Amino acid sequence: MVQSSSLLALAGLIAYIAARPSVGPRAEPSFEGIATFNDYSFQLETQGSTVCGGSESLQTLKSGVFGAAAGDLSPILSAGLCDGSQNTTTPSYNMDLCTMEGGLAPDANSYSGPQCPHARCKPATCYKVENLGPVGSAKGAVLGSTTVQIIDGCPAGSAWNYCKTQFEPEARCSSPTTEALDLDFNAYSTLYPGKSYSSGNPEGNANLQIRITPTSC
């Protein structure tokens with residue numbers, strides 16, 4: 001009788017375990033934003049460094065991983081405000097720094113960008129980025145994806161951004177409600193197979209709607 005009870009209990013335990021839903025690794029939350037693009041090699045030549053260091057900030061990236069800057073007004077991505085940035089939809093910046101040609105800021109020889117927090121540098125912070133289509137188009141299936149590592153900040157209070165008044169705030173890291181990533185332009189053809197960054201307008205029309213998911217570096 002005792003033996004039969006033990007067998008029944010064992011059978012019940014096996015049935016309970018089999019009926020339990022499997023518990024896998026917790027999925028990291030994804031969120032959406034806008035991808036703009038930058039030439040980080042040129043930035044290092046003209047400015048000497050990114051927030052996360054000099055040329056080593058690019059050289060130490062793993063194969064297939066691209067550098068990116070997180071918008072300092074981004075609700076989730078931001079590591080904190082860069083010097084001079086104003087977290088408001090109606091900022092007041094020094095427009096005297098802007099040139100009359102195309103609304104652009106002075107070159108790097110006459111203007112130094114603001115300092116940004118280093119919080120996303122160590123430990124390294126990486127994201128999977130998926131292209132949901134060009135800005136202004138309907139979001140569709142994922143067109144391509146890549147991994148980026150944060151090596152810089154994209155400051156709303158930089159004249160290189162706020163002077164571009166011909167573009168919407170979302171396209172210049174200046175929207176406090178938009179997750180903004182400024183990616184190495186070499187990532188463009190991976191995110192958008194068959195397209196190259198030079199084939200679009202490098203100051204606006206090439207921007208992409210993206211899904212962003214935290215991942216390991």
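1. The lining of the second largest cavity splits into 4 nonpolar, 5 polar and 2 charged residues. Here Ala, Val, Leu, Ile, Met, Phe, Trp, Tyr, Cys and Pro count as nonpolar, Asp, Glu, Lys and Arg as charged, and the others, Gly among them, as polar. This is a predicted model, in which local features need pLDDT of at least 70, side-chain atom pairs count only at pLDDT 80 or more, and totals for chains, interfaces and linings use all residues. Residues are numbered from 1 along each chain as its sequence is written, and side-chain values use heavy atoms, with hydrogens and water left out.

2. The second largest cavity holds about 30 Å³ of space. Its lining includes G71, D72, L73 and S74. P169, E170, C173, S174, S175, T178 and A180 line it too. A cavity is a set of points, on a 1 Å grid over the protein atoms alone, where a 1.4 Å probe fits but cannot get out; lining residues have an atom within 4 Å of a point. Grid points are joined across faces, edges and corners, and a volume is the space filled by probe spheres set on the points.

3. C173, one of these lining residues, lies in the loop between α4 (159-162) and β5. Helices (H or I, at least four residues) and strands (E, at least two) are DSSP runs, numbered from the N terminus. C173 has a positive phi of about 55° without being a glycine. Most residues other than glycine have a negative phi. C173 counts as buried because its relative accessibility is 4%. Buried means under 20% relative accessible area (1.4 Å probe, protein chains only).

4. A180 also lines this cavity. Strand β1 (residues 31-38) runs parallel to β5, joined by 5 bridges. N38 has D184 as its bridge partner in β5. Strand β2 (residues 65-71) pairs with β5 in the antiparallel sense, over 3 bridges. There A68 stands opposite L183. Two strands pair if DSSP finds at least two bridges between them.

5. The whole structure has 2 cavities of 30 Å³ or more.

6. From K122 to P123 the bond is cis, with omega near -5°. P123 sits in the loop between β2 and β3 (126-134). Most peptide bonds are trans.

Methods:
1 Å grid on protein atoms, 1.4 Å probe; cavity = no way out; pocket = protein on both sides within 12 Å on 5 of 7 lines; lining within 4 Å. Buried < 20%, exposed > 50% of the residue type's maximum accessible area, 1.4 Å probe, protein only.
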